[in-house]
Amino acid sequence: QVQLLESGGGLVQTGGSLRLSCAASGSIFSINAMGWYRQAPGKQRGLVATITKGGSTTYADSLKGRFTISRDNAKNSVYLQMNSLKPEDTAVYYCNADILSRSTLSYNDYWGQGTQVTVSS
């Protein structure tokens with residue numbers, strides 16, 4: 001069984017910073033892309049950033065320059081450094097990973113349970 005566990009969310013003032021972490025655990029053979037998505041109240045879940053196993057990154061256009069995604073392959077972990085936070089960044093942030101499980105021997109998409117980020121004005 002594979003699990004993704006996020007941490008690092010919380011309440012921050014406008015202009016502040018937060019660092020989200022997500023660790024994959026369980027019967028893992030390999031991990032391809034990892035990423036972060038977010039869902040604000042009343043809105044659909046959308047891309048924040050992704051990172052390949054080799055370190056190539058993609059970002060939502062509106063977040064470039066403020067958010068930075070990184071990963072530690074040895075720890076099966078992905079991180080999201082969020083700077084200059086704005087009230088519109090308030091959302092539940094979800095970790096996502098494309099994981100080859102030892103038990104299924106196939107790549108599947110996994111999601112974390114989400115972590116709340118609230119930016120006060």
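Visitor: Which residue stands opposite S77 in β8?

Guide: A23 stands opposite S77 in β8. This is a predicted model, in which local features need pLDDT of at least 70, side-chain atom pairs count only at pLDDT 80 or more, and totals for chains, interfaces and linings use all residues. Residues are numbered from 1 along each chain as its sequence is written, and side-chain values use heavy atoms, with hydrogens and water left out.

Visitor: In what sense do β3 and β8 pair, and over how many bridges?

Guide: The sense is antiparallel, over six bridges. Strands here are DSSP runs of E with at least two residues, numbered from the N terminus. Two strands pair if DSSP finds at least two bridges between them.

Visitor: And how many bridges join β7 to β8?

Guide: Six bridges join β7, residues 67-72, to β8, and these strands run antiparallel. R71 stands opposite V78 in β8.

Visitor: Which residue in the hairpin of β7 and β8 takes a positive phi?

Guide: N76 does, with a phi near 50 degrees; the hairpin has four residues between the strands.

Visitor: How many of the six residues of β8 are buried?

Guide: Five of the six are buried, so strand β8 (residues 77-82) is mostly covered. Buried means under 20% relative accessible area, exposed means over 50%, and partly exposed lies in between, with a 1.4 Å probe and protein chains only.

Visitor: A change of topic: what is the count of disulfides?

Guide: The count comes to one disulfide, defined as a pair of cysteine sulfur atoms within 2.5 Å. C22 and C95 form this disulfide, with their sulfur atoms 2.0 Å apart.

Visitor: Which parts does the pair tie together?

Guide: C22 lies in strand β3 and C95 in strand β9 (residues 91-101), so the pair ties together parts that are 73 residues apart in sequence.

Visitor: Is the disulfide left-handed or right-handed, and why?

Guide: The disulfide of C22 and C95 is left-handed, because the torsion about its S-S bond is about -80 degrees.

Visitor: Is C22 buried or exposed?

Guide: C22 counts as buried, at 1% relative accessibility. C95 is buried as well, with a relative accessible area of 0%.

Visitor: Where is G16?

Guide: G16 is in the loop between β2 (10-13) and β3 (18-26). The relative accessible area of G16 is 18%, so G16 is buried.

Visitor: What does G16 touch?

Guide: Not counting residues up to four places away in sequence, G16 touches M82, N83, S84 and L85. Contact means heavy atoms within 4.5 Å.
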